[in-house]
Amino acid sequence: MSDMLADSPEAAPSLLSVRDLAVHIRTDGGLARILDGVSFDLPPGGTLGIVGESGCGKSTLLRAILGILPKGARVPQGQVLFQGQDILRAPVRGRIGFIPQDPYLSLNPVFRAGDQLLEGMRRHASGSRDEHRRKLVSLFQAVQLPEPENALDKYPHQFSGGQRQRLLIAAALACDPDLVVADEPTTALDVTTQLEILALLRGLTAERGMGLLFVTHDFGVLSAVCEDVAVLYAGRVADWGPTGNVLADPRHPYTRMLLACHPDRATDLVGIPGTVPAATAQPPGCRFHPRCPIARPVCSQAVPEPLRIFDGSRVACPFHADPLPEVALG
Amino acid sequence: MAELIAARDLVVELGAERGLLKRRAGVRAVDGVSLSVAAGETFGVVGESGCGKTTLARTLLGLQRESGGEIRLEGALVSGASPAQARRQRAAVQYVHQDPGAALDPWWRVGATLAEGLRIQGTTDRAEATVRIAEILRAVGLDPALGDRYPHELSGGQQRRIGLARILLLRPKLVILDEPTAGLDLSVQAAVLRLLRDLRDRFGLTYLFISHDLSVVRRVCDQVAVMYLGRIVEQAPTAELFAQPRHPYTRALLAAAPRLGAQASVPGLRGDPPSLRAIPSGCRFHPRCPLADAICAAEEPTKQSVAAGHDVCCHHWRDAA
């Protein structure tokens, strides 16, 4: 699989490079192979979306990158290279900012917003407390928080949901990270607020030259934010390429069927037969083959290698050029 | 098509206290809503959080008592009753909870949960109940053996099907679906939407479809009402609303919805919706409206007809063409 990446035209070294990553967790039900051979790259200043349905391994991938894998998780193979350094072995501090999913759960209600944000900066950024305060106020201006001078002294309940998410974006940017990782940052927000937050996040990371890794299950949000996308299915990458190409011309049967389920696209709503396999009972070969309408005998035997296709995308299906039966696409 | 349920000038006040010495005014979560749902159609209600969607649903259901206005079910006046009485009158109206997992008792096998509804409605014969439960589980695409499982043993999609089975047993005419696809994966969502359509045709149901997902609403609804701060600001047949939205709020909402393959557009709307405790004067949308002028702050717009079945509450809807 590393061969597949070696021939990619990488003018600049990647900001984040995930190589053949596997994460296994021992559970009561047996060994859960949550991630298995995941590879992708994010160039400096680039934006990559990770999409997939529940149980595909999005959160575990995120935790591996942030260095907060749960106890009992093992990494039997692979690397997560951040600026060339394997952060699974030597964690970096303060270089990766994180924006959590739920702005309501992510702030402690009994402490002032400022104290919570300053604590992170005290641990990870240089400079005095006064410098940190000035930095936060200027960030509050950048994220368009009302009354930025007073925001430090307010409690979380004094902000609306959209304002809390702005606060958390400021927190993620506070230590000037090179990479910002966002976990579905707008799912808890209304559509009109969502659009503002997405535009803000995209603008701020772009002007500061930060990379953005954006986890989402919403293809609409993905189109609005990410240049590239990696589609995960059952712990493996199905499709990886420029967002526009993947959305306009999806190649992996899973991605094709998933996009056919989108209400903006479906001609008839069909869904995908079957369910995502449990992580403790992954089928052999291609993990999608039990649900795939064009599966052949080989699909249940060999793990498909990611194939480069003409536009630089990679697809983990040797039969990606075959048409799907009409009924599968609605 | 015959009208199944209708509301006229419905007002719902929440949190009001009438003490001996002092009165505390509540907030008007629903403020003068009129709507009419025809039998067999899917009527969508969209709007941001706090706009009164769920309060409207609870009031139509009879769980929340209205403070003003009237509700008619199949032509008969059903408003003005106490909540307990209202529920008895409105047995034909049923509600599917937003979070089906939370709506199921974790200590009860789902079969027992399903039987409870039948018992409350007066089906005491066990054999009959078992037959009807098996039949309805098959209708929602589940194996009747699933009745022996506990809620945590089911997937999100299966829980949602159980939520549907539970109310279909009661043979409703109007089903209120509160965010029926929230939190579902795309492939499961497609299957649930298809099931909803099949069930509507098979059982002759009418849906009140509450959602904030405009892509889904566009796909499944016949009519759409857009709510803002307790009012319906625009209502039209779905195709017309999406093709020719007239209210600036509807336009902003449609522009803000992320669409497949579309680049992010410029945010059209600033700020969050104001609180129900401080409703702006005149048109409630005017502080956020790009078309607002002096008349909008002073005068509340009345309902105006754009075309047959298309109403809008805006002084400047002609400019929003």
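Two strands pair if DSSP finds at least two bridges between them. Helices (H or I, at least four residues) and strands (E, at least two) are DSSP runs, numbered from the N terminus. This is a predicted model: local features need pLDDT of at least 70, side-chain atom pairs count only at pLDDT 80 or more, and totals for chains, interfaces and linings use all residues. Side-chain values use heavy atoms, with hydrogens and water left out.

**Sheet**

Strands β7 (residues 179-183) and β8 (residues 211-216) of chain A run parallel, joined by five bridges. A182(A) stands opposite F214(A) in β8(A). Both strands belong to an open sheet of eight strands in chain A, with the order β6-β7-β8-β3-β9-β10-β12-β11 and mixed pairing. Its edge strands are β6 and β11 (307-308) of chain A, and each pairs on one side only.

**Cores**

A nonpolar core is a set of buried Ala, Val, Leu, Ile, Met, Phe, Trp, Tyr and Cys residues joined through side-chain atoms within 4.5 Å. Buried means under 20% relative accessible area (1.4 Å probe, protein chains only). The largest core has 66 residues. F214(A) is among those with the most contacts inside it, as are L136(A) and I169(A). Helix α6(A) provides the largest share of this core, six residues. Apart from it lies another core, of 54 residues, including V110(B) and Y249(B).

Contact means heavy atoms within 4.5 Å. Leaving aside neighbours within four places in sequence, I169(A) is in contact with I99(A), V143(A), I197(A), L201(A) and L204(A).

**Spaces**

On a 1 Å grid over the protein atoms alone, a cavity is a set of points where a 1.4 Å probe fits but cannot get out; a pocket is an open set with protein on both sides within 12 Å along at least five of seven lines; lining residues have an atom within 4 Å of a point. Volume is the space filled by probe spheres set on the points. The whole structure holds five cavities of 30 Å³ or more.

| Space | Volume | Lining by class |
|---|---|---|
| Largest cavity | about 110 Å³ | seven nonpolar, one polar, three charged residues |
| Second largest pocket | about 810 Å³ | 19 nonpolar, seven polar, four charged residues |

Strand β12 (residues 231-237) of chain B gives the largest share of the cavity lining, three residues. H247(B), E300(B) and C313(B) are among the other residues that line the largest cavity.

The second largest pocket is lined by 30 residues, with I96(A), G97(A), F98(A), G120(A) and H124(A) nearest its centre. α3(A) gives the most to this lining, seven residues.

Key:
Residues numbered from 1 in each chain as written. Chains lettered and ligands numbered in written order. Nonpolar A, V, L, I, M, F, W, Y, C, P; charged D, E, K, R; others polar. Buried < 20%, exposed > 50% of the residue type's maximum accessible area, 1.4 Å probe, protein only.
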